[in-house]
Amino acid sequence: LEKERAAMAEMRGRMDVQQKTITELQSSLQTVLGSITSTSEGKSLILPSDQGALYEFIQAKKAAQDSAAQKAAIAEYLRRYPNDEKNEALLPDYIAILYAEGADAEVIPNCTRYLQMYPNGKSLNDVMYYMGESGFKIGNCDLAKKAFMKLEAARYKDASARLKEIKATCK
């Protein structure tokens, strides 16, 4: 019985060493290849591991109008580098893609995130527009009205007319 216990303990030790080796190999592979992610279309994508290269990848996908790859790469960038200065420009692009896909339930929290991080951001009005329209689409009339009242105050294009439409629909 003691010999069996010793043999099992030795096997456990070897298994732990093998698991550690596997974990180290996976980490090395991810460093070399970057992150592997999938797009909303189900395609696998290998994203660069370097911050600068990932940002360039995002810009290339934007120029190529590959919104699925751009969206996946931006999501990864925001996850890896949550406090990077480039996020002020990336987050509105991400929101615009989500909005175009009709993912209104995802648009609103990302708009909120932008507004909290960049209360005077360059894309403030565009983000507010997406928030208001998405709020309206999901039936959150209060959110839609508030967003379009702020846009109206900022003299955003067609905000007054859209606010009237929302008020007429959401009684």
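Is Gln-70 buried or exposed, at 6% relative accessibility? Gln-70 counts as buried, because its relative accessibility is 6%. Buried means under 20% relative accessible area, exposed means over 50%, and partly exposed lies in between, with a 1.4 Å probe and protein chains only.

First, some ground rules. This is a predicted model, in which local features need pLDDT of at least 70 and side-chain atom pairs count only at pLDDT 80 or more, while totals for chains, interfaces and linings use all residues. Residues are numbered from 1 along each chain as its sequence is written, and side-chain values use heavy atoms, with hydrogens and water left out.

Back to Gln-70. This residue is found in helix α3. Helices (H or I, at least four residues) and strands (E, at least two) are DSSP runs, numbered from the N terminus. Leaving aside residues up to four places away in sequence, Gln-70 touches Ile-58, Lys-61, Lys-62, Asp-93 and Ile-97. A contact means heavy atoms within 4.5 Å.

Now move to helix α4, residues 87-101, where Leu-91 sits. Leu-91 has 0% relative accessibility, so Leu-91 counts as buried. Its contacts, again without residues up to four places away in sequence, are Leu-78, Asn-110, Arg-113 and Tyr-114. Take Leu-78: it lies 13 residues from Leu-91 along the chain, and their C-alpha atoms are 7.9 Å apart.

How do helices pack? Two packed helices are described by the angle between their axes and the distance between the axes. Axes are lines fitted to C-alpha atoms, for helices over the stretch in contact, and angles run from 0 to 180 degrees between N-to-C directions.

Start with α4 and α5. They pack at about 160 degrees, with axes 9 Å apart. That makes α4 roughly antiparallel to α5. Angles under 35 degrees count as roughly parallel, over 145 as roughly antiparallel, 65 to 115 as roughly perpendicular, and the rest as oblique. From α4, the residues in this contact include Leu-91, Ile-95 and Leu-98; among those from α5 are Val-107, Asn-110 and Tyr-114. The residues of this contact divide into nine nonpolar, one polar and four charged. Here Ala, Val, Leu, Ile, Met, Phe, Trp, Tyr, Cys and Pro count as nonpolar, Asp, Glu, Lys and Arg as charged, and the others, Gly among them, as polar.

Next comes α6, residues 124-137. It packs against α4 at about 25 degrees, with axes 10 Å apart. The two helices are therefore roughly parallel to each other. Pro-92, Ile-95, Ala-96 and Tyr-99 in α4 meet a group in α6 that includes Val-127 and Tyr-130.

Ile-95 takes part in both contacts. Beyond residues up to four places away in sequence, Ile-95 touches Val-107, Asn-110, Cys-111, Tyr-114, Val-127 and Tyr-130. Ile-95 is also among the residues with the most contacts inside the largest nonpolar core, which has 38 residues. A nonpolar core is a set of buried Ala, Val, Leu, Ile, Met, Phe, Trp, Tyr and Cys residues joined through side-chain atoms within 4.5 Å. The largest share of this core, six residues, comes from α4.

Arg-155 is exposed, with a relative accessible area of 77%. Asp-158 is exposed at 61%. Arg-155 has a positive phi of about 60 degrees although it is not a glycine. Asp-158, also not a glycine, has a positive phi of about 60 degrees.
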